[in-house]
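Colleague: I am new to this structure and would like to be walked through it. Could we look at it together, one place at a time?

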Amino acid sequence: MAIVKVIGIAFVGLICVGVLREVKPSLAVACGIVTGLVIVYTLLDEFTYVISKFNELAELAAIDNTLIKTVLKIIGIGYLTEFSANIAEDYGSPSIAKKIQFGGKICIAVLAVPIITGIVTSIADIAK
């Protein structure tokens with residue numbers, strides 16, 4: 001199970017961050033970032049699995065591949081935004097974290113426009 005690996009890596013990272021925070025605080029932040037990156041790397045197989053399942057569902061339902069790519073981009077932006085905002089908060093900059101979150105929301109809104117347009121167009125066509 002991937003979650004057991006993630007929790008194990010997280011606990012080791014937490015211990016390292018705790019020790020480094022006392023000895024060399026600047027390295028504690030770097031250790032936290034590296035821990036996060038190792039966790040993401042550990043989950044790459046799961047990400048690949050999710051993407052392949054999305055593609056299979058798109059083929060099965062005869063959905064345009066562009067739509068699936070857009071949805072995956074939106075999910076990716078959400079995860080990257082949260083990860084980056086958490087790093088900013090860990091570094092002691094909650095105001096920058098909020099700006100990162102705002103930027104992520106704007107990017108998601110921009111990507112969602114074509115999807116919403118397609119839905120509204122489909123509904124309008126059905127209503128005719």
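**A first look at the model**

Modeller: The backbone oxygen of Cys31 lies 2.8 Å from a polar atom of the side chain of Thr35. Please keep in mind that this is a predicted model.

Colleague: Which helix holds Thr35?

Modeller: Thr35 belongs to helix α2, which covers residues 25-42.

Colleague: And is Thr35 buried or exposed?

Modeller: Thr35 is buried, because its relative accessible area is 15% and the cut-off for buried is under 20%.

Colleague: What is Thr35 in contact with, leaving aside its neighbours within four places in sequence?

Modeller: On that basis, Thr35 is in contact with Ile9, Ala10 and Gly13.

Colleague: You mentioned Cys31. Where else does that residue come up?

Modeller: Cys31 is one of the contacts of Leu20, once neighbours within four places in sequence are set aside. Leu20 itself is found in helix α1 and counts as partly exposed, at 23% relative accessibility.

Colleague: How far is Leu20 from Gly76?

Modeller: Their C-alpha atoms are separated by 31 Å, and the two residues are 56 residues apart along the chain. For another pair, take Ile87 and Gly36: they are 51 residues apart in sequence, with 8.9 Å from C-alpha to C-alpha. Ile87 is found in helix α4 and is partly exposed, with a relative accessible area of 23%.

Colleague: Let us change topic. How many salt bridges are there?

Modeller: The count comes to one salt bridge. It is formed by Lys53 and Glu56, whose closest N and O atoms are 3.2 Å apart. Side chains of opposite charge can pair when their charged atoms come close.

Colleague: Where do Lys53 and Glu56 sit relative to each other in helix α3?

Modeller: They are three residues apart in helix α3 (residues 44-60), so about one helical turn separates them. Lys53 is partly exposed, with a relative accessible area of 32%, and Glu56 is partly exposed too, at 44%.

Colleague: How many aromatic pairs are there?

Modeller: The count comes to one aromatic pair. The rings of Phe47 and Tyr79 have their centres 6.4 Å apart and their planes at 50 degrees, so the pair is tilted. Phe47 lies in helix α3 and Tyr79 in helix α4 (residues 65-90), so the pair ties together parts that are 32 residues apart in sequence.

Colleague: What is the accessibility of each ring's residue?

Modeller: Phe47 counts as partly exposed, at 34% relative accessibility, whereas Tyr79 is exposed, with a relative accessible area of 52%.

Colleague: One last topic: which residues form the nonpolar patch on the surface?

Modeller: Met1, Ile3, Val4, Ile7, Phe11 and Leu14 form that patch, and together they have about 680 Å² of accessible area.

Colleague: Where is Met1 placed?

Modeller: Met1 is in the segment before α1 (2-23). Met1 is exposed, because its relative accessible area is 80% and the cut-off for exposed is over 50%.

Conventions
Residues are numbered from 1 along each chain as its sequence is written. This is a predicted model: local features need pLDDT of at least 70, side-chain atom pairs count only at pLDDT 80 or more; totals for chains, interfaces and linings use all residues. Side-chain values use heavy atoms; hydrogens and water are left out. Patches are made of residues with over 30% relative accessible area and no salt bridge: like charges are joined within 9 Å, nonpolar side chains (Val, Leu, Ile, Met, Phe, Trp, Tyr) within 5 Å. Accessible areas come from the Shrake-Rupley method with a 1.4 Å probe; for residues, only the protein chains shown count as cover. A salt bridge is a side-chain nitrogen of Lys or Arg within 4 Å of a carboxyl oxygen of Asp or Glu. Helices (H or I, at least four residues) and strands (E, at least two) are DSSP runs, numbered from the N terminus. Buried means under 20% relative accessible area, exposed over 50%, partly exposed in between (1.4 Å probe, protein chains only). A polar contact is a pair of N or O atoms within 3.5 Å; within protein, one must be able to donate a hydrogen and the other to accept it, and residues adjacent in sequence count only if both atoms are side-chain atoms. Contact means heavy atoms within 4.5 Å. Rings of Phe, Tyr and Trp (its six-membered ring) pair if their centres lie within 6.5 Å; planes under 30 degrees apart count as stacked, over 60 as edge-to-face and the rest as tilted.
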